[in-house]
Amino acid sequence: MSFKDKIDQQKLPEHVAIIMDGNGRWAQQKGKLRIYGHRSGVKSVRETAEAAAELGIKFLTLYAFSTENWRRPRAEVNALMKLLVQTIHKETKTLHDNNIKLLAVGNLEALPDVTAKELREAIEETKHHDRMSLILALSYSSRWEITRAIQKVAKMAVENQIDPAQIDQDFVGKQLAFGNIPDPELLIRTSGEYRISNFMLWQIAYSELYFTPKLWPDFRREDLYEAIVDFQQRERRFGKTHEQLTK
Ligand code: IPE
Ligand code: IPE
Ligand code: MG
């Protein structure tokens with residue numbers, strides 16, 4: 001029996017975010033170069049995106065490259081940027097076939113021109129799709145996002161466009177790079193690491209966290225279903241008591 005059969009369609013998360021980790025270790029276990037692991041991870045991206053869209057999930061965010069990842073050896077960074085161009089180019093058809101809109105969040109100005117161009121084109125070409133939004137977090141980190149938002153708000157205050165007394169949580173959230181995208185109810189991290197690595201710190205305030213030892217290139221549809229079933233068995237209390245939620 002598939003975990004898919006256990007999913008309650010009425011309790012589906014609207015937004016699932018994934019820290020795709022473990023490509024390098026997956027390749028090394030096979031005696032291959034790290035980039036072989038990154039390439040193999042593309043299939044997991046395709047399967048996860050298709051499965052999420054078919055289920056009815058509205059937003060799927062994938063952490064593809066952090067601001068800290070720029071510190072990796074130049075050859076790996078270059079290979080990742082090249083893989084990104086090739087993947088976006090090749091997978092635009094998958095996006096069309098599945099009615100998926102592509103979005104990107106992060107310091108996109110730091111990306112090489114060809115990568116940024118390919119990304120912009122795919123975003124433009126898929127902007128009318130409305131079954132699911134696939135959000136790539138690229139050259140992204142929470143501290144980058146929060147710092148940038150503070151700069152923006154400070155400038156607005158200096159220019160008398162806002163009154164600091166007006167600033168509430170809703171306003172802060174909207175200034176972030178994720179802007180109007182609803183917070184993820186479920187955050188998945190692969191590869192057995194129990195950390196957040198500077199990902200969506202504001203937005204995961206009340207997300208359910210799910211960690212799996214699977215390395216990203218081994219992650220398949222069934223693993224997504226399993227994570228969702230696990231999520232659906234939890235009681236999300238948001239500070240209240242169990243009794244308040246069940247009466
Ligand atoms: C995740 O896999 C992909 C990126 C961070 C780009 P890693 O490359 O981090 O793989 P491990 O964690 O070293 O195994
Ligand atoms: C987090 O993975 C970033 C992405 C998945 C893109 P890392 O492999 O960079 O995280 P750390 O450095 O091990 O925490
Ligand atoms: Mg890693």
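Modeller: Ligand 2 sits in the largest pocket of this predicted model, in which local features need pLDDT of at least 70, side-chain atom pairs count only at pLDDT 80 or more, and totals for chains, interfaces and linings use all residues. Residues are numbered from 1 along each chain as its sequence is written, ligands are numbered from 1 in the order in which they are written, and side-chain values use heavy atoms, with hydrogens and water left out.

Biologist: Which side chains have an N or O atom by an oxygen atom of ligand 2?

Modeller: A polar contact with a ligand is a pair of N or O atoms within 3.5 Å. For an oxygen atom of ligand 2, the distance is 2.7 Å to the side chain of Arg-195, 3.2 Å to that of Arg-72 and 3.4 Å to that of Arg-189.

Biologist: What lies around ligand 1?

Modeller: The shell around ligand 1 also has Arg-72 among its residues, together with Gly-22, Gly-24 and His-38. A polar side-chain atom of Arg-72 lies 2.7 Å from an oxygen atom of ligand 1, while a backbone N or O atom of Gly-24 lies 2.9 Å from an oxygen atom of this ligand.

Conventions
A residue is near a molecule or strand if one of its heavy atoms lies within 4 Å of it. A polar contact is a pair of N or O atoms within 3.5 Å; within protein, one must be able to donate a hydrogen and the other to accept it, and residues adjacent in sequence count only if both atoms are side-chain atoms. On a 1 Å grid over the protein atoms alone, a cavity is a set of points where a 1.4 Å probe fits but cannot get out, and a pocket is an open set with protein on both sides within 12 Å along at least five of seven lines; lining residues have an atom within 4 Å of a point. A molecule sits in a cavity or pocket if more than half of its atoms lie within 2 Å of its grid points.
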